[in-house]
Amino acid sequence: MRKNATPEAVRVLAAANKPDLRPLLLTQSEVAKIDPKFGERWIYDERVLPVWTSNSLLPDPKAVEAFGRVMGYQTMMVKALFQDESAPTISAGLLQQVTVYRDPNNAQKILDNMEGLGRGLWLSPPRVGDSARAWTATLAIEGDTSRNASFTEIDFRVEGYIASVRVQTMPILISQSLIAGDSNKEIALKLAEALTVKLKAIKK
């Protein structure tokens, strides 16, 4: 295999006149500058490696391709904390993803139908990108009903790009849901705003 071979996903993007999606997501250093609470501790999660989400991985590849979906990419970061450093106001998990569509109108239709966390929809959408939707809720961690965390997800569109940030805390008590949710909302919004800047900087 040739070293530094161009990934198939990048070739697909180039054929559609779209840029490599990997540099569009926030890096560790960019996230660290935004997050004042142990922000320098963010690392890529070795259990969930960065991954391309090509149309072939979706249930109906032909349908999504006909709808104008080109390619997606996502990363997962975790914050390396000691047990005594965890607190309901400290975010400890960050999922980022970006997907590009040929037509911004179709991208908007996708955003309009995204379900986010499935509950906790913000009554007033955040002012991020061209349009956005957001959710905040306390949910069981990986299906374990004995362990809960606060989650905030912001999904938004910038022209033909749909991006998402999902932030979660360490395990919390149900009584800590309000303070954890408020803190999560704050950092998720800052991350989404920073991601918006990167997407808007894409050369046409």
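How many bridges join S5 to S6, and in which sense do the two strands run? The points below take up this question and then the rest of the structure.

1. Basis. This is a predicted model, in which local features need pLDDT of at least 70 and side-chain atom pairs count only at pLDDT 80 or more, while totals for chains, interfaces and linings use all residues. Residues are numbered from 1 along each chain as its sequence is written, and side-chain values use heavy atoms, with hydrogens and water left out.

2. Strands S5 and S6. 11 bridges join S5 to S6, and the two strands run antiparallel. Strands (E, at least two residues) and helices (H or I, at least four) are DSSP runs numbered from the N terminus, and two strands pair if DSSP finds at least two bridges between them. Thr136 has Thr152 in S6 as its bridge partner. The two strands form a hairpin with two residues between them, and Glu142 in the turn has a positive phi of about 50°.

3. Strands S6 and S7. S6 also pairs with S7, in the antiparallel sense and over eight bridges. Here Glu153 stands opposite Arg166 in S7. This hairpin has two residues between the strands, and Glu159 takes a positive phi near 50°. Of the 15 residues of S6, 11 are buried, so the strand is largely enclosed by the rest of the structure. Buried means under 20% relative accessible area, exposed means over 50%, and partly exposed lies in between (1.4 Å probe, protein chains only).

4. Main nonpolar core. In soluble globular proteins, nonpolar side chains tend to be buried together. A nonpolar core is here a set of buried Ala, Val, Leu, Ile, Met, Phe, Trp, Tyr and Cys residues joined through side-chain atoms within 4.5 Å. The largest has 37 residues, and those with the most contacts inside it are Leu21, Phe156, Leu191 and Leu199. Elements giving two or more residues to this core include helix H2 (28-34), strand S4 (91-101), strand S5 (131-141), strand S6 (144-158) and strand S7 (161-169). H5 provides the largest share, six residues. Leu199 touches Leu24, Val98, Phe156, Val158, Tyr161 and Ala163, not counting residues up to four places away in sequence; contact means heavy atoms within 4.5 Å.

5. Second core. A separate core of seven residues includes Trp135, Ala137, Leu139 and Phe151.

6. Gly181. This glycine is found in helix H5 and is buried, with a relative accessible area of 4%. Apart from neighbours within four places in sequence, Gly181 is in contact with Thr136, Ser150 and Thr152. Two of these contacts, Thr136 and Thr152, are the bridge partners named in point 2. Gly181 and Thr169 are 12 residues apart in sequence and 8.9 Å apart in space, C-alpha to C-alpha.

7. Aromatic pair. A search of the whole structure finds one aromatic pair. Trp52 and Tyr73 form this pair, which is tilted, at 4.8 Å centre to centre and 55° between the planes. Rings of Phe, Tyr and Trp (its six-membered ring) pair if their centres lie within 6.5 Å; planes under 30 degrees apart count as stacked, over 60 as edge-to-face and the rest as tilted. Trp52 lies in strand S2 (residues 51-53) and Tyr73 in strand S3 (residues 69-79), so the pair ties together parts that are 21 residues apart in sequence. Trp52 counts as buried at 17% relative accessibility, and Tyr73 is buried at 10%.

8. Charge over a ring. The charged end of Lys185 sits over the ring of Trp122, 5.5 Å from its centre. The criterion is NZ of Lys or CZ of Arg within 6 Å of the ring centre and within 35 degrees of the ring normal.

9. Salt bridges. The whole structure has 10 salt bridges, each a side-chain nitrogen of Lys or Arg within 4 Å of a carboxyl oxygen of Asp or Glu. Glu8 bridges Arg11, with the closest N and O atoms 2.8 Å apart; both lie in helix H1 (residues 8-15), three residues apart, about one turn of the helix. Lys190 and Glu186 form another, at 3.6 Å between the closest N and O atoms. Being four residues apart in helix H5 (residues 177-200), they are separated by about one helical turn. Lys190 is partly exposed at 35%, as is Glu186 at 47%. Glu40 pairs with Arg41, where the closest N and O atoms are 3.9 Å apart, and Glu40, Arg41 and Glu85 are linked in a network of salt bridges. Glu40 is exposed, with a relative accessible area of 57%.
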